[in-house]
Amino acid sequence: MNTFPPAIFLMGPTASGKTGVAVELVQHLPVEIVSVDSALVYRDMDIGTAKPDAATLAAAPHHLIDLIDPTNSYSAAQFRSDALRLMGEITARGNIPLLVGGTMLYFMALQHGLNDLPQADPELRAELDARARRSGWPALHEELARLDPVTAARLDPADAQRIQRALEVCLLSGRPMSELLAQEKTGDLPYRLVQLALVPSDRAVLHQRIEARFDAMLEQGLVAEVEALRARYALTPNLPSMRCVGYRQAWQYLDGEMDFATLRDKGIFATRQLAKRQLTWLRGMGNVSEFDCLADDLAAQVQAHIDAALA
């Protein structure tokens with residue numbers, strides 16, 4: 001491992017301050033930021049994804065943002081391919097890849113490779129979406145529990161995107177997704193990793209941050225952003241882009257399915273649930289150094305740790 005070039009993983013739940021720390025690191029270390037965020041890949045989705053603003057991007061350019069239109073999809077396999085290419089280019093320039101984000105599946109795919117799962121099938125997905133409109137996603141979750149109880153046990157009955165993918169894998173392969181995921185993976189990452197996680201010492205304070213940030217998104221025009229996206233692109237609520245937290249709730253609000261207060265409450269709740277899932281992923285990862293994301297000197301702590309790890 002000591003012969004491999006270094007790479008830094010900066011991970012954490014939403015609202016833990018990852019971008020701020022990354023921007024600080026760019027000022028002091030020879031690093032280039034690679035975004036590890038499944039929402040930042042979409043163009044014109046800026047407010048609800050908390051995309052870094054122009055000034056931040058000028059000071060600390062990010063790779064792998066604004067890649068595709070919201071009508072398209074972007075897989076973990078695509079991310080791994082793009083990230084490996086960029087990491088090679090960054091290393092060749094004499095810099096260190098700094099991979100920053102909260103999409104834990106992408107981090108896992110990059111570090112450990114991918115299982116041999118079937119590719120997405122648009123016709124089957126359309127069929128599952130139609131069934132969900134008739135019966136609801138909890139009914140499809142019950143079906144998944146019969147086909148793949150291990151996967152169903154870790155999914156919320158309303159988690160449409162993951163339930164659909166798990167059912168798709170089961171129906172296309174004839175085997176539970178949990179069984180396929182348990183198979184040996186290939187393609188371990190040829191880098192000496194420094195893995196860092198920003199986690200809260202007080203979950204309630206993180207929840208307050210999440211609430212404040214979602215309120216700020218609403219004030220900045222999240223609903224108007226979704227309205228403009230619907231006018232510009234041929235979108236449906238079942239596209240991965242419109243399933244992102246905040247966008248799903250804004251879509252339902254625009255369709256008259258809820259009032260503004262409910263939009264706010266559901267958006268905050270969904271964001272908290274996302275943070276909970278991210279922290280669960282982090283607890284299951286090995287060789288990760290944790291830092292209190294609420295610390296006043298967080299960036300200095302992280303930089304000192306990286307300095308020592310790279311020495």
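**Two domains and a listed site**

Analyst: Domain 1 and domain 2 have C-alpha centres that lie 25 Å apart. Keep in mind that this is a predicted model, where local features need pLDDT of at least 70 and side-chain atom pairs count only at pLDDT 80 or more, while totals for chains, interfaces and linings use all residues. Residues are numbered from 1 along each chain as its sequence is written, and side-chain values use heavy atoms, leaving out hydrogens and water.

User: What makes up each domain, and how do you know the bounds?

Analyst: Domain 1 is 6–114 + 186–310, and domain 2 is 122–182. Those bounds come from an automatic or database domain assignment.

User: How do you know how much area the two domains bury between them?

Analyst: Buried area is the accessible area (1.4 Å probe) that two parts lose on being put together, summed over both. Here that comes to about 560 Å², with 31% of it on carbon and sulfur atoms. Of the area that domain 1 buries against domain 2, Asn238, Arg243 and Arg277 supply 69%, more than any other three residues.

User: Why is the Arg243 and Asp129 pair called a salt bridge?

Analyst: The rule wants a side-chain nitrogen of Lys or Arg within 4 Å of a carboxyl oxygen of Asp or Glu. The closest N and O atoms of Arg243 and Asp129 are 3.3 Å apart, so the pair passes. The count between domain 1 and domain 2 is one salt bridge.

User: Which residues does UniProt list for "binding site"?

Analyst: The unreviewed entry lists Thr14, Ala15, Ser16, Gly17, Lys18 and Thr19. Such annotations may be inferred rather than shown by experiment.

User: Are Thr14 and Lys18 buried or exposed, and how do you know?

Analyst: Thr14 has a relative accessible area of 9% and Lys18 one of 12%, so both count as buried. Thr14 sits in the loop between strand E1 (6–11) and helix H1 (18–28), while Lys18 is found in helix H1. Helices (H or I, at least four residues) and strands (E, at least two) are DSSP runs, numbered from the N terminus. Leaving aside neighbours within four places in sequence, the contacts of Lys18 include Val100, Gly101 and Gly102.

How values were computed
Buried means under 20% relative accessible area, exposed over 50%, partly exposed in between (1.4 Å probe, protein chains only). Contact means heavy atoms within 4.5 Å.
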